[in-house]
Amino acid sequence: MDASRKFLFTGSPGVGKTTAIRAISDIEPVTTEMAASDELAARKESTTAALDFGEIRLDDGERIRLYGTPGQRRFDFMWELLTEGAMGVVILVDNSRPDPLADLDIYVENFGQLIRDTGAVIGVTRTDRYSTPDVDAFYARLGAHRLMLPILECDIRERDDVTLLMDALMSTIEPESA
Amino acid sequence: MTRRTLRSVNLSRREQMELDLLLSLVGEQEGDQWQLVNRIGADAAIVDADAETAGQSIVEARRAEEVVITLSQSGGDGEGLCLARPLRSQALVQVLERALQRAAAGGRGEASAYRLRRWPGTDMLRSEWRLTRVCGALGRGPQTMSDIATRTSIEESELRDLLQVLTGAGCVERTAGSARTRERASWTPPSGLFHRLRARLGRA
């Protein structure tokens, strides 16, 4: 199997990387968990401190791998390893966090080379309850990075929304429709 | 005085009434008398570009050889056939004049480049998957319609409609500057891979 057939899902801890992968994966995502000893324990029952892995199986048997990066910054040494051979990255931003725009900065900067070499999409979650910052603010922040990327409000529990993220991501890389 | 017909698509009842009133006032001043109709095949169609089905409505109007005018909150870039809410008589007159010119010229003369200001929202992308292709192509920098058609493999006649939707939604604007593209550093996906993946995800 060609190891280069992969996409990355990244974002802050608890944003829903595992959930997003599960929404479109043809296998149940493999998740390695470890107990959180910091404030993350207050946010969710479990936290991912290693890789999430999912897979989309094409009709011709080819497999597209979906990797969720560890969210905590103390594991950011793994981010560079994971970018090798990746076809693009889905950056998920949780709008309920104290500073979503600063979160965006972290992932845009750390995955900047991958973004420039391939493509990326920004998925902003929990906007139904947390409407600010709005999408315009995210575009302004991306503009400061000299980037134009799709920014989509999404519910990553919904397959349709995650599918839309993937379609937008692929369009930033290869817009051809056929 | 020449009689022209204008079909409204997805406008609210109130907006239809406002449009009807404006058309009657405009007709008293100008050479053409526009009448609001419901039947497809009018001289022009005014489409609510904020509606989820805007893309589809525009395609249907074009197939009926109606000149398409879009109405939206943002109103686009002030060029072309885009109107901003609320309707104003002067803007309506100008757009109707351009619509007649466009009809006479066969809709040609679009050598200027298009620039992406932002991607449309998820509702619009859900309703018309080709919008992601157009925005993806424009993400590399301002491009002419011909360039976009080449990159996306979308026919120019359909691409015109899509660009009008995007312009009406404030996502795209025309630029007088020369088209330039930012080529990606080194990587292209294996041939056909993304098409197969999109098909698998139901987005092809």
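**The arginine and its surroundings**

Mentor: Leaving aside residues up to four places away in sequence, Arg198(B) touches Asp167(A), Met170(A), Ser171(A), Glu174(A) and Glu176(A) of one chain, and Arg133(B), Arg203(B) and Ala204(B) of its own; contact here means heavy atoms within 4.5 Å. This is a predicted model, in which local features need pLDDT of at least 70 and side-chain atom pairs count only at pLDDT 80 or more, while totals for chains, interfaces and linings use all residues. Residues are numbered from 1 along each chain as its sequence is written, chains are lettered from A and ligands numbered from 1 in written order, and side-chain values use heavy atoms, without hydrogens or water.

Arg198(B) lies in helix H8 of chain B; helices are DSSP runs of H or I, at least four residues, and strands are runs of E, at least two, both numbered from the N terminus. Arg198(B) counts as buried because its relative accessibility is 1%; buried is under 20%, exposed over 50% and partly exposed in between (1.4 Å probe, protein chains only). Its side chain reaches the backbone oxygen of Glu174(A) at 3.0 Å.

Two of the neighbours named above also pair with each other: Asp167(A) and Arg203(B) meet through their side chains in a salt bridge of 2.8 Å, N to O. A salt bridge is a side-chain nitrogen of Lys or Arg within 4 Å of a carboxyl oxygen of Asp or Glu. Both partners are buried: Asp167(A) has a relative accessibility of 0%, and Arg203(B) has 10%.

On the other chain, helix H6 of chain A runs over residues 159-173 and spans 21 Å from first C-alpha to last, close to the 21 Å expected, which is 1.5 Å times one less than the number of residues. H6(A) is largely enclosed by the rest of the structure because 13 of its 15 residues are buried.

Now the interface as a whole. Chain A puts 41 residues into the contact and chain B 33. About 3500 Å² is buried between the two chains, with 60% from carbon and sulfur atoms; buried area is the accessible area (1.4 Å probe) that two parts lose on being put together, summed over both. Eight salt bridges are counted between chain B and chain A. The interface also has 16 residue pairs in polar contact, both residues at pLDDT 80 or more. A polar contact is a pair of N or O atoms within 3.5 Å; within protein, one must be able to donate a hydrogen and the other to accept it, and sequence-adjacent residues count only if both atoms are side-chain atoms.

On the side of chain B that touches chain A, helices H4 (122-127), H5 (130-138), H6 (145-152) and H8 (193-201) of chain B each supply at least two residues. H8(B), the helix of Arg198(B), gives the most, with eight residues. That side of chain B divides into 15 nonpolar, six polar and twelve charged residues; Ala, Val, Leu, Ile, Met, Phe, Trp, Tyr, Cys and Pro count as nonpolar, Asp, Glu, Lys and Arg as charged, and the others, Gly among them, as polar.

Charged residues are also linked in a network of salt bridges made up of Arg5(A), Asp60(A), Glu62(A) and Arg196(B).
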